[in-house]
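Trainee: Could you walk me through this structure? I'm new to it.

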Amino acid sequence: MPQLPSEMIPVAAPSITPREGELAQQAALTAWGPDHYAFNRQFEEMFAQYVGVSHAVSLPHATSALHLALAAAGVGPGDEVIVPDVTWIASVAPVNYVGAEPVFVDILPDTWCIDPEAVRAAITPRARAIIGVDLYGSMCDWPALRAIADAHNLVLIEDAAEALGSTLNGYQAGTFGDLAVFSFHGSKTMVTGEGGMLVTDDEALLARVQQLRDHGRPPGDRFFRNTEVAFKYKMSAVQAALGIAQCERLGPMIAHKREIFSWYAAELKGLKGITLNAEPPNVQNSFWMNTIVLDPALGMDKYRVQAELRARNVDSRPFFSQLSTLDAYSDQPRLRRFLPETPSGTVPATYGVNLPSGYNMTPDLVAQVAVAVREVVNLAS
Ligand SMILES: *Cc1c(COP(=O)(O)O)cnc(C)c1O
């Protein structure tokens, strides 16, 4: 019989091999001089090929990628950007960076992604863009969002920071927005320490991104004559080298993530009072974070569950909160005017917990976490 873990199981852990170290060392020793972006170029090509897009731009993080996406699309003061109420704040803060206003709308109860009907209802004459977030590896209803965006001439931005390797109707996460972004933060599915990628098939948007991320220098500028005040967002060669090593075995890594979920699903099968990540028939979820949402009737919120798990040597994370409830947005009540009184997002945001989901997970470790989860759920019932 599996027991509780004997030492703390971390909530996230990357997949790192000697290859990452070798390539990073090679970059540190050689990526200087005229061709100092060679590693970045290779990383971008490998990544674009994996996702199935024409262009990929390596960046310091997904936050800067979203900032550039909005700026390149011309979103600015006076504009509204429709965003899900439940996501990491990095999905939305860049809307504020460009001087536009986020408009929070509800998420769907099963996939935890933005509700297309709620998006439709929140469109005003000032709406300029929609940001859909593929939460925890789940996929938005992109065909519905695309139809709305096209009908109202809105820019569609895909925050795929948590969904590398997920697919919808056979297409990879990152292929659905006019622009899409990924994160390689140390906790994510693929890591470069800090890092991000912007992908697009649109040549004009790509040209804007390239100029805006290099202090407003026209492409190929050798005279240091900037045509506008812009940003400096680039990834270092050493980070790109880590990304190349990760891209080399991305397929097996995603397969491992999916396996971890299948172990959880088997171990937790039949446990009443919890719901796991959704995987509708047309989706392959890469399960960035294996997640349980407790039945509100159990009366245990996410922070209580986390404390109980921690006491049993299981590290976890709280499900993202409703942004509309955070102090960060408390002075802007207008932003929540399209949210229902009790949004669907309240349930996962209050009762959801991410379980250990790192590449260190084995069937044994998952079984140990499941022992802890059962104990904690049984405390309530
Ligand atoms: C991690 C994350 C980001 C931000 O990624 P960084 O690389 O840390 O900037 C953005 N959106 C979502 C949904 C994320 O999970």
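Mentor: Let's talk about the domains, then a pair of helices. This is a predicted model, where local features need pLDDT of at least 70, side-chain atom pairs count only at pLDDT 80 or more, and totals for chains, interfaces and linings use all residues. Residues are numbered from 1 along each chain as its sequence is written, and side-chain values use heavy atoms, leaving out hydrogens and water.

Trainee: Which domains does the assignment give?

Mentor: Domain 1 (18-247) and domain 2 (250-379); the bounds come from an automatic or database domain assignment.

Trainee: How much area do domain 1 and domain 2 bury between them?

Mentor: About 3,600 Å², with 61% of it on carbon and sulfur atoms. Buried area is the accessible area (1.4 Å probe) that two parts lose on being put together, summed over both.

Trainee: And which residues in domain 1 lose the most area to domain 2?

Mentor: Phe 104, Trp 112 and Tyr 136, which together make up 23% of what that side buries.

Trainee: New topic: at what angle do helix α10 and helix α12 cross?

Mentor: The axes of α10 (residues 302-310) and α12 (residues 363-380) cross at roughly 130 degrees and come within 10 Å. Axes are lines fitted to C-alpha atoms, for helices over the stretch in contact, with angles from 0 to 180 degrees between N-to-C directions. Helices are DSSP runs (H or I, at least four residues), numbered from the N terminus.

Trainee: Which residues in α10 meet α12?

Mentor: Arg 304, Val 305, Glu 308 and Leu 309 in α10 meet Ala 372, Val 373, Val 376 and Leu 379 in α12, where contact means heavy atoms within 4.5 Å.

Notes: Helix = DSSP H or I, 4+ residues; strand = E, 2+ residues; numbered from the N terminus.
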